[in-house]
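Please keep the viewer open as you read.

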Amino acid sequence: MPIDRIIEHNKRTGWGSLTETGLRMESFPMRLFRKGNKKFWNPEDIDFSQDAADFAAMTDDEKRMTLVLASQFMAGEESVTQDLQPFCHAMAAEGRLSDEAYLTQFIFEEAKHMQGFRLWFNAIGETGDLHSHVEYGSAYDVIFKQELPKSLFALQDDPSPANQIRASVTYNHVVEGTLALTGYFAWARVCASRNILPGMQRLVKLIGDDERRHMAWGTFTCRRHVAADDKNWEVVDERMQELLPASLQLIVGLFDEYEKEGVPVPFGISIDEMSDYALDKVNRRMESIESARGQDVYSIDEDYSPMEMEDRFGDEDDKQIREALVGASA
């Protein structure tokens with residue numbers, strides 16, 4: 001953009017969409033934006049009536065795990081809806097209009113996910129206060145009350161590449177990639193164990209599809225900064241190592257109370273399977289980011305491989321869940 005055309009927030013002297021290059025429809029963020037437009041869905045279209053009957057038929061331990069899972073997700077969706085907004089400011093400071101456009105869709109989708117979980121709770125008759133389901137350990141607070149807002153709101157004062165990386169690793173690769181997508185895999189396991197909760201099955205499938213686009217954008221954002229400056233790879237790796245212990249503690253902590261009480265984990269969920277799932281996906285995404293070292297930064301902007309990787313992950317998950325559902329109905 002010409003030097004006399006500024007599109008940064010509150011400093012506008014021109015419009016990016018009016019320039020010769022326009023919105024660059026083949027740039028990675030605009031391709032995500034276009035893909036999201038084609039996949040629009042409304043939480044109010046999901047029928048949760050069978051879920052209410054399935055929930056009522058659960059044992060107390062099964063109900064407890066189901067409520068903890070859903071409460072953690074709903075609170076998490078609320079957190080990321082609020083905390084992502086400073087990233088828009090960071091993209092504006094760089095003049096990245098396509099990324100700003102995608103982030104508006106991103107935030108909208110997070111708010112929609114929050115609504116979807118609230119509708120599910122209302123449908124099964126759980127309309128009271130749910131805070132106790134997210135207050136059983138410190139790891140949830142460390143991630144969602146401390147590290148997530150701290151790293152994202154740092155962008156308001158300093159939208160530097162290093163701060164963008166720390167924010168993206170925290171939000172995209174820990175909260176979404178390690179916790180949310182592993183949690184959605186756990187949800188799928190819950191539902192597939194007896195082919196129950198059809199409304200939740202539909203909800204987590206739709207949310208997971210959105211989250212994979214979000215993850216792809218986070219991988220892309222880290223990749224372009226690593227390509228621009230090799231030292232940024234150290235920032236990626238350092239931030240992941242800082243947060244991974246608390247992330248795994250949160251995942252394992254969900255099952256600890258059952259082990260302490262000497263009762264089987266409900267729905268046949270395996271702690272090792274969930275941990276292995278999380279670490280496998282983290283490692284593969286980190287490899288994708290590291291592969292950007294030494295690459296031409298301009299080629300990164302139209303490299304669709306982060307979304308192709310997420311599509312492969314989604315296909316792998318779908319295959320496992322279909323197999324589990326077949327086993328449940330046999």
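## Starting from one serine

S79 counts as buried, because its relative accessibility is 15%, and the cut-off for that label is under 20%. Keep in mind that the model is a predicted one. You will find S79 in helix 3. Which residues does S79 contact, once its neighbours within four places in sequence are left aside? They are F144 and L148.

## The enclosed space

The largest cavity holds about 280 Å³ of space. Its lining is made up of 22 residues, and those nearest its centre are Q72, F73, L179, A180 and G183. Which of the elements gives the most to the lining of the largest cavity? That is helix 7, with seven residues.

## Charged pairs

Now for the charged side chains. In total, the structure holds 28 salt bridges.

| Pair | Distance (N to O) |
|---|---|
| R212 and E310 | 3.4 Å |
| D229 and K231 | 3.4 Å |
| E242 and R239 | 2.8 Å |

Let us take the pair of R212 and E310, whose side chains meet in a salt bridge. This pair links distant parts of the chain, with R212 in helix 8 (residues 198–228) and E310 in helix 12 (residues 305–329), 98 residues apart.

The salt bridge of D229 and K231 has another setting. D229 counts as partly exposed because its relative accessibility is 29%, while K231, at 56%, counts as exposed.

In the salt bridge of E242 and R239, both partners belong to helix 9. They are three residues apart there, so about one helical turn separates them. E242 is partly exposed, with a relative accessible area of 44%, whereas R239 is buried, with a value of 8%. Elsewhere, salt bridges that share partners join R24, R96, D99, D301 and E302 into one network.

## The cysteines

A disulfide is a covalent bond between the sulfur atoms of two cysteines. How many disulfides does the structure hold? The number is zero. For C88, the reason is distance: the closest cysteine sulfur, in C222, is 17 Å from the sulfur of C88, so the two are too far apart for a bond. The cut-off for a disulfide is sulfur atoms within 2.5 Å.

Where C88 sits in terms of accessibility is also clear: C88 is buried, with a relative accessible area of 12%. C191 is another buried cysteine, with a relative accessible area of 1%.

Technical notes. Residues are numbered from 1 along each chain as its sequence is written. This is a predicted model: local features need pLDDT of at least 70, side-chain atom pairs count only at pLDDT 80 or more; totals for chains, interfaces and linings use all residues. Side-chain values use heavy atoms; hydrogens and water are left out. On a 1 Å grid over the protein atoms alone, a cavity is a set of points where a 1.4 Å probe fits but cannot get out, and a pocket is an open set with protein on both sides within 12 Å along at least five of seven lines; lining residues have an atom within 4 Å of a point. Grid points are joined across faces, edges and corners, and a volume is the space filled by probe spheres set on the points. Helices (H or I, at least four residues) and strands (E, at least two) are DSSP runs, numbered from the N terminus. Buried means under 20% relative accessible area, exposed over 50%, partly exposed in between (1.4 Å probe, protein chains only). Contact means heavy atoms within 4.5 Å. A salt bridge is a side-chain nitrogen of Lys or Arg within 4 Å of a carboxyl oxygen of Asp or Glu.
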